[in-house]
Amino acid sequence: MKIWAHRGCSQMYPENTLLAFGKAAGIEGLTGIELDIQLTKDGYLVVFHDERVERTTDGIGELRQYTLAEVKRLHIDAGGGKYEQIPAMEEVLEFLEDKLKEGLKLNIELKNSVFPYEGIEEKIVNLVYRFGLQDRIIYSSFSALSLERIKKLDPKAKIGILDTKVSDCLYKLKGGCGADALHPYWKEMDLPKERLEGYVVRAWLTGHLYPEKSTGNLLNLDMLKQQGITDVFLNEPERYL
Ligand code: G3P
Ligand code: CA
């Protein structure tokens, strides 16, 4: 089973921050890091999960109503009187560049199901190429249309199609969005392994995020493997590796 850090090490540290990514990058044997991108009001790529900023920052309202300068003034509480910022995507690539060139992978999820963020595909593909990291990236989205745009911009791009049920992932993949891997919710493996046709299946989990307390239970990864899951996105990868 390949292990990914979901929004970085997001149980012990604030999700989608350089702190959480740095902790993940230090884990021996980790396959990669997953993160979420959106666009600011002035068109910059930033790494952030929710469409609104309240849950994880001291701001109010929709992220897309903030300029990059305004986003940078928001505080993410990291405990002990310390704060993190919402990172620009460019900062994250600078921060992880060496690790990515050494072999770590990065799954960039385009968070564009609620707001389409026109032009987001071109911006992220151009940025990744500027760093020469195109071989290290897997793009994903719940939007098949968005992934189709990525594939047109970069025919060699590796792409995972997101949905809840694995059957919906498979049908979206077969619809021609350019995906070569399935990214379902781990509890929605509604097809037998034989029907997954040997595709890579990277399953995502929900659950506890910093600063919520962990349940303490570890997943049985062998059981997931038997269902055809090849990779998992975990909030606490450090407990499995
Ligand atoms: O990319 C897999 C997973 O991250 C999708 O769900 O809400 O955690 O972005 P979410
Ligand atoms: Ca995600």
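Reader: On what basis are the values reported?

Author: Because the model is predicted, local features need pLDDT of at least 70 and side-chain atom pairs count only at pLDDT 80 or more, while totals for chains, interfaces and linings use all residues. Residues are numbered from 1 along each chain as its sequence is written, chains are lettered from A and ligands numbered from 1 in the order in which they are written, and side-chain values use heavy atoms, with hydrogens and water left out.

Reader: What is the volume of the largest pocket, and which residues are the closest to its centre?

Author: Rolling a probe the size of a water molecule over the atoms shows where empty space is left. On a 1 Å grid over the protein atoms alone, a pocket is an open set of points where a 1.4 Å probe fits, with protein on both sides within 12 Å along at least five of seven lines; lining residues have an atom within 4 Å of a point. The largest pocket has a volume of about 370 Å³. Of its 20 lining residues, Leu205, Thr206, Thr215, Asn217 and Leu219 are the closest to its centre.

Reader: Which residues are the closest to the centre of the second largest pocket?

Author: That pocket holds about 250 Å³ of space. It is lined by 19 residues, of which His6, Arg7, His49, Glu109 and Trp204 are the closest to its centre. Strands (DSSP runs of E, at least two residues, numbered from the N terminus) also locate the lining: β2 (32-39) and β6 (105-110) each supply at least two of its residues.

Reader: How many aromatic pairs does the whole structure have?

Author: A pair of aromatic rings is described by the distance of the centres and the angle of the planes. Rings of Phe, Tyr and Trp (its six-membered ring) pair if their centres lie within 6.5 Å; planes under 30 degrees apart count as stacked, over 60 as edge-to-face and the rest as tilted. The search finds four pairs. Trp4 and Phe233 have ring centres 5.4 Å apart and planes at 55°, so this pair is tilted. Trp4 lies in strand β1 (residues 2-6) and Phe233 in strand β11 (residues 231-234), so the pair ties together parts 229 residues apart in sequence.

Reader: Are Trp4 and Phe233 buried or exposed?

Author: Both Trp4 and Phe233 are buried (under 20% relative accessible area, 1.4 Å probe, protein chains only). Tyr185 and Trp204 form another tilted pair, at 5.1 Å centre to centre and 45° between the planes. Phe142, Tyr185 and Trp204 form one aromatic cluster.

Definitions and conventions. Grid points are joined across faces, edges and corners, and a volume is the space filled by probe spheres set on the points. Helices (H or I, at least four residues) and strands (E, at least two) are DSSP runs, numbered from the N terminus. Buried means under 20% relative accessible area, exposed over 50%, partly exposed in between (1.4 Å probe, protein chains only).
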